[in-house]
Amino acid sequence: MTKSEYMQALREKLHCYNGALQQEILEDYEQHFAEGMAAGRTEEEIIAELGNIEDMLQEFSEEDLKQEIEAVEAQANQNGSYDTLYREVVIEGLVADVEISASGDDQLRVNYVNEGNEAQKLRYYFYQYEEDGVFYAGVKERKGGSDGIKGIKGIWGLFSNGSWSSDNIELSVEIPARIPAVKLRTTSGDLTVQRLRNQSVEAQCASGDLRLEKLRCEQLHGMTQSGDLEAEELRVGSKLKLNSTSGDLDVTDVSAPAMSLQSTSGDLRAEQVQTNNLQLQTASGDLEVDEAVSDLIHMQTASGEIECRDVRGGTLQVVTGSGDAELEADVEICIGKTGSGSISLEGCAKLQKVQLYSASGDVHLDLEMVEGATIVTHTASGDMVIRGYEASGRSYNCSYGSGACQVEITTASGDIEVE
Amino acid sequence: MNTQLKKGALELCVLSQLVGGDKYGYELTERISEEMSIASGTLYPILRRLKEEAYVTTYLVESESGPARKYYHLTQKGREYQQSMQQEWEQFQTAVSRLIKVQSV
């Protein structure tokens, strides 16, 4: 270990104590190193001589800690109000549950409450500062906190309940609409964002759940890792992007020119959507779209199921590997592709072009509301029933009415049925 | 060793080292670790506590070896405390010695 590593460890472990104490001990150790080096010792020798940091911490009295706890207690509840026109607000809630809402006036308000036990109050503290026109506030964990607190537990068993639940830490912030950018982040805390009118909003959770409600902004980006994301009543002026790693995404009543929902293993669900471009992508999750209007809808999943109900628009593109695609959509163009899953498309009246492909799944197409179509179907080993006619052979062509709608269906081993 | 006992003993050692004259931290820790194997670091919280109890005061003296040396000076209160602790320790030590001998007979 080098001197700087040792001093860094010391600094981290002293974090639980008050500033004056920290500074004094750090100075004593610096002095000790300087004297030792001057006496010709190596850094390792001096470190060995100074000994284990935990042992040294045991020498501190209960008083030293009590004073610090009192200071922390005083800090456990904080609130402030600020009227500066910041260009950005950055809130990092960490383990705290964070509630963000719009300010009724031009005041930015912050309210922090830590109702945990002493250990929790020692471990997590509130911070707030501004720099370069950006307002920062949030919760921080004392570095080396858990280690430092183990040391404290050694001294007095007062904190010996042993569990580090981070319940009862709450941070609420009211943000005025005139601040252009808002960035919000939590790790395990839940994040709720309501009624914001700011130009750009970015909200991110790790394991906490993210809830976006009644937001009107130009750009909105919501992210979670394992937490779920729920959004309701969003009016976004340009770009809406929501993504998760394993959390589910559930979106209701949303309008935005472009909308992207992405997840690795989470399920994606969108209901009452109005957009020009709707993209839903997940690796293993299911996709569901309900009551959507969009010029372009693209839905893609590797192993999940795809379901569309009451979808209207221009082009619908659907890709799934092993899942089924069940589509009830009134679109002009529909392109669907599955591996082993089956595809079913119905409810179309204004269909102009449809291409459906499945390797081993069945394909079902309902053309009852389409006035005329030209139908071309191919299958390697499946059966084909086209408008009630059992077609033999591997390919079949037919047309009816105006013949305007171009239909092309291909399967390898799946059956094809057109009604 | 029992930590309370060790704590008291170390305090007494530190205070006693200052009876003969002021010393700076490194000097004190060197002196004590010559006689007993302790982590030198543990002496700094003790020194800090002695200062808070007003048994010692500190002052800085510029040093060629780097940062200014912090010297510890025994106050009148510290002197009295050292004496009473020394007395207590000696009585304790005598008692312990006697008891150990009785047991080994």
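**Exercises: strands and a chain contact**

In the hairpin of β5(A) and β6(A), A:Asp132 has a positive phi near 55°, and two residues lie between the strands. This is a predicted model: local features need pLDDT of at least 70, side-chain atom pairs count only at pLDDT 80 or more, and totals for chains, interfaces and linings use all residues. Residues are numbered from 1 along each chain as its sequence is written, while chains are lettered from A and ligands numbered from 1 in the order in which they are written.

**Exercise 1.** Work out how many bridges join β5 to β6 in chain A.

Solution.
- Strands are DSSP runs (E, at least two residues) and helices are too (H or I, at least four), numbered from the N terminus.
- Two strands pair if DSSP finds at least two bridges between them.
- β5 covers residues 124-131 and β6 covers 134-141; eight bridges join them, antiparallel.
- Across this pair, A:Tyr129 stands opposite A:Tyr136.

**Exercise 2.** Find the strand order of the open sheet in chain B.

Solution.
- The three strands run β1-β3-β2, with antiparallel pairing.
- β1 (23-24) and β2 (56-63) are the edge strands; each pairs on one side only.
- Two bridges join β1(B) to β3 (residues 66-74).
- B:Tyr24 stands opposite B:Tyr71 in β3(B).

**Exercise 3.** Describe the side of chain A that touches chain B.

Solution.
- Count residues in contact (C-beta atoms, placed from the backbone, within 7 Å).
- Chain A gives 19 residues and chain B gives 17.
- On chain A's side, α2 (19-38), α3 (43-50) and α4 (53-58) each supply at least two.
- The largest share, nine residues, comes from α2(A).

Notes:
Contact = placed C-beta atoms within 7 Å.
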